[in-house]
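Me: I'm new to this one and would like a close look at a single part. Could you walk me through how the helices pack and what sits around that contact?

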Amino acid sequence: MLETTKFDVAEYLDTEDVQSCYLNYVAEENDPDELLKAINDVARARGMTKTA
């Protein structure tokens with residue numbers, strides 16, 4: 001049986017440049033809910049203590 005794992009974009013947001021490009025791309029879509037999710041993804045990628 002084939003097993004899948006849940007995709008977590010935060011695992012791939014490993015540099016500030018990538019994080020910035022990701023946020024800019026999502027912001028261009030003009031969807032506030034998606035932008036909040038993207039901010040959460042970046043915060044998790046950076047580590048919540050570093051973000052605070």
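Reply: Here is a walk through the helix pair and the side chains around it. Before we start, this is a predicted model, where local features need pLDDT of at least 70, side-chain atom pairs count only at pLDDT 80 or more, and totals for chains, interfaces and linings use all residues. Residues are numbered from 1 along each chain as its sequence is written, and side-chain values use heavy atoms, with hydrogens and water left out.

Let's begin with the two helices. H1 covers residues 16-28 and H2 covers residues 32-46; helices here are DSSP runs (H or I, at least four residues), numbered from the N terminus, while strands are runs of E of at least two. Their axes are 9 Å apart and meet at an angle of about 170°. An axis is a line fitted to C-alpha atoms, for helices over the stretch in contact, and angles run from 0 to 180 degrees between N-to-C directions.

Who does the touching? On the H1 side you'll find Glu16, Gln19, Tyr22, Leu23, Val26 and Ala27. H2 brings Glu34, Leu35, Ala38, Ile39, Asp41, Val42, Ala45 and Arg46. Contact means heavy atoms within 4.5 Å. Sort these residues by kind and you get nine nonpolar, one polar and four charged; Ala, Val, Leu, Ile, Met, Phe, Trp, Tyr, Cys and Pro count as nonpolar, Asp, Glu, Lys and Arg as charged, and the others, Gly among them, as polar.

Now zoom in on glutamine 19, which lies in helix H1. With a relative accessible area of 4%, glutamine 19 is buried (buried is under 20%, exposed over 50%, partly exposed in between, using a 1.4 Å probe and protein chains only). Leaving aside residues up to four places away in sequence, glutamine 19 touches Leu13, Val42, Ala45 and Arg46.

Next come the salt bridges, and the whole structure has three. The term means a side-chain nitrogen of Lys or Arg within 4 Å of a carboxyl oxygen of Asp or Glu. One of them pairs glutamate 34 with lysine 37, at 3.4 Å from N to O. These two are three residues apart in helix H2, so about one helical turn separates them. Glutamate 34 is partly exposed at 36% relative accessibility, and lysine 37 is partly exposed too, at 48%.

Another joins aspartate 8 and arginine 44, with 3.0 Å from N to O. Aspartate 8 sits in the segment before H1 and arginine 44 in helix H2, so this bridge ties together parts that are 36 residues apart in sequence. Aspartate 8 is partly exposed at 24%, as is arginine 44 at 37%.

Arginine 44 has a further partner in aspartate 41, with their closest N and O atoms 2.8 Å apart. Again the two are three residues apart in H2, about one helical turn. Aspartate 41 is buried, at 11% relative accessible area. Through shared partners, Asp8, Asp41 and Arg44 end up in one salt-bridge network.
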